[in-house]
Amino acid sequence: MVSGKKKEMVTAMLPAHILLYFFCLTTCVRRTTGQARKDERIYPENFTRILDRLLDGYDNRLRPGFGGPVTEVKTDIYVTSFGPVSDVEMEYTMDVFFRQTWVDRRLMYEGPIEILRLNNLMVNKVWTPDTFFRNGKRSVAHNMTAPNKLFRIMKNGTILYTMRLTISAECPMKLVDFPMDGHACPLKFGSYAYPKTEMIYTWTKGPEHSVEVPPESSSLVQYDLIGQTVSSETIKSITGEYVVMTVYFHLKRKMGYFMIQTYIPCIMTVILSQVSFWINKESVPARTVFGITTVLTMTTLSISARHSLPKVSYATAMDWFIAVCFAFVFSALIEFAAVNYFTNAELERTKKKPAKCPPGPQTTPVKVKDVEEVLQQNQDTNGNLRKRMNYISQQECGGHQRAPSAATISGLGRARLLRPDVNGSSSTLSRSSPKSESLISVASSSTQLVKNTPQAGASTPDVAAAATPCKQNTASSSLQHLLGPKLERIQLMGNKAELKQTPCSQPTTAGMGGTSKIDKYARIFFPVSFGAFNMVYWVVYLSKDTMVAKGG
């Protein structure tokens, strides 16, 4: 009975010992595994062995999947700095992080970590894509303080390769709408040696998010970066067909600089040239200075505006504006030349016209009766006057028979001359006023008085015939000698009265001053036409979509 009970007890205790044994064994295995993992984290030799195994028999001259499927390279771009953009060179510069991802199954590994983060030294030991920028002029890979390259290997053989680059790329520009223009500057890249049958490019995050340009990364002065688009295309050449990836950066030019430096000065210069229309046409120096100065100013503005542009063979929007402004300024100068020419021509025509005098009082012959009436008014001196006239005439006839008998009143050069009649019967005298008519007629009737006076000194007919002309010639001069001072004063008074009563209108330049009709028309036509031009110009170009739409 006792032995049977012991057997049952031993049989019950056997499963308990087995369970305890397995528990101890499991604990030991776990501790050993944990210690091994701890040893792997601590010792880098384990990673060295992994890398050595990966590179053992690796040929970096062959692309992944050589002789098999096409190698797919996924790319994306992060722009750290965009600009500047050169219009003269038609290029732009930017700083980017250029990322490429591909799968190389030869680099698959088993290890405690998911990603091997390596430096640039590993890049030269494995295969990398031969990507180049097709429209790049200068590309720089930064090496300070060390080559700026990132290289990572994942367990499944995926490779991430990132470089920091500064790229100067070509940007074709169509400057017809300058400075209201927009441009799409491309960045094209692809494989240099592998055609699309061996390697293709795709976007890592899709077409919309594979190119990132943060707002703070744009350092543009003359442009606004309004967005970017991406596309891909296939280019054929004699060596095969290649896949080309393209990024278009859309730029819109800012107009502030050109408004301040070109447009406003041009407008002010045109307005200044039109101020000359309000200056008197007689002020030739002032208007000439206005015209020449404004023309030279427009020439300077045109040259300075061209300095910031390439030497294109077509006219830009700014060129058209400057050309029209120059035409307005030059027309203002030509307008003054026309005004001056027509003014001088009108002045010459006026000088050639005869003087316009109103009809004066007509001269009437003075007869003997008028003289008799005058002499009768002076009865006290008539006898003496006749005697003195006879005495003087005898002396002059005897002493000056060879001298001509015609004489003029002394000092009458400033007035009209007394013209005796040829027949001697009567004479006419130009009279300036009726008031002096009776007194002046005395001189004109002197010859008639002498004829009526009897001459007793002639004894024979021959002598009388010879003496008569002498007396007749000297009678007039003697009378003029006696009445000369009085007649001179009378005629001077008459001339003054005539000048007051009947002024003669000579051609003068007093009416040539003032404003020309051409100036009056120019004051309206020039400002209105210039304002209409500005309205059409700005409406057309500001409402026009000048952006170059490219990409997809």
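The model is predicted, so local features need pLDDT of at least 70 and side-chain atom pairs count only at pLDDT 80 or more, while totals for chains, interfaces and linings use all residues. Residues are numbered from 1 along each chain as its sequence is written, and side-chain values use heavy atoms, with hydrogens and water left out. The chain has eleven helices and 14 strands; helices (H or I, at least four residues) and strands (E, at least two) are DSSP runs, numbered from the N terminus. Of its 552 residues, 36% count as buried.

**Overall figures**

- Buried means under 20% relative accessible area, exposed means over 50%, and partly exposed lies in between (1.4 Å probe, protein chains only).
- The chain exposes about 33,300 Å², and carbon and sulfur atoms supply 60% of that area. Accessible areas come from the Shrake-Rupley method with a 1.4 Å probe; for residues, only the protein chains shown count as cover.
- Among contacts (heavy atoms within 4.5 Å) between residues at least 6 apart in sequence, 79% join residues at least 24 apart.

**Nonpolar core**

- The largest nonpolar core has 81 residues. Such a core is a set of buried Ala, Val, Leu, Ile, Met, Phe, Trp, Tyr and Cys residues joined through side-chain atoms within 4.5 Å.
- I77, F82, Y92, L187, F249, Y263 and Y537 touch the most other members of this core. Helix α5 (residues 317–352) gives the most to the core, with nine residues.
- Leaving aside residues up to four places away in sequence, F82 touches Y92, T93, M94, S217, S218, S219, L220, L225, F249 and L251.
- In soluble globular proteins, nonpolar side chains tend to be buried together.

**Nonpolar surface patch**

- I264, M268, I271, L272 and V275 make a nonpolar surface patch of about 420 Å². Patches are made of residues with over 30% relative accessible area and no salt bridge; like charges are joined within 9 Å, and nonpolar side chains (Val, Leu, Ile, Met, Phe, Trp, Tyr) within 5 Å.
- L272 lies in helix α3 (residues 256–275) and is partly exposed, with a relative accessible area of 39%.

- Helix α4 (residues 284–306) has 23 residues and reaches 34 Å from its first C-alpha to its last, close to the 33 Å expected at 1.5 Å a residue. The expected span is 1.5 Å times one less than the number of residues.
- The buried residues of α4 are R287, G291, T294, V295, M298, L301 and A305, and they pack against α3, α5 and α11.
- S516 sits in the loop between α10 (461–501) and α11 (517–542). S516 counts as buried at 11% relative accessibility.
- Apart from residues up to four places away in sequence, S516 touches K281 and V339.

**Salt bridges**

- The structure holds 18 salt bridges, each defined as a side-chain nitrogen of Lys or Arg within 4 Å of a carboxyl oxygen of Asp or Glu.
- D519 and R287 meet in a salt bridge through their side chains (2.8 Å, N to O). This pair links distant parts of the chain, with D519 in helix α11 and R287 in helix α4, 232 residues apart. Both D519 and R287 are buried.
- K196 forms a salt bridge with E241, the closest N and O atoms being 2.9 Å apart. K196 is in the loop between β8 (182–191) and β9 (199–203), while E241 is in strand β12 (residues 240–253), 45 residues apart. K196 is partly exposed at 34% relative accessible area, and E241 is partly exposed at 27%.
- The side chains of R306 and D319 form a salt bridge (2.4 Å, N to O). R306 is in helix α4 and D319 in helix α5, 13 residues apart.
- D87, D181 and R253 are linked in a network of salt bridges.

**Backbone geometry**

- Most residues other than glycine have a negative phi, and most peptide bonds are trans.
- The peptide bond from G83 to P84 is cis, with omega near 5 degrees; P84 is in strand β1 (residues 71–86).
- Another cis peptide bond joins F178 and P179, with omega about 5 degrees. P179 lies in the loop between β7 (158–170) and β8.
- M90, a residue other than glycine, has a positive phi near 55 degrees. M90 is in the loop between β1 and β2 (91–103).
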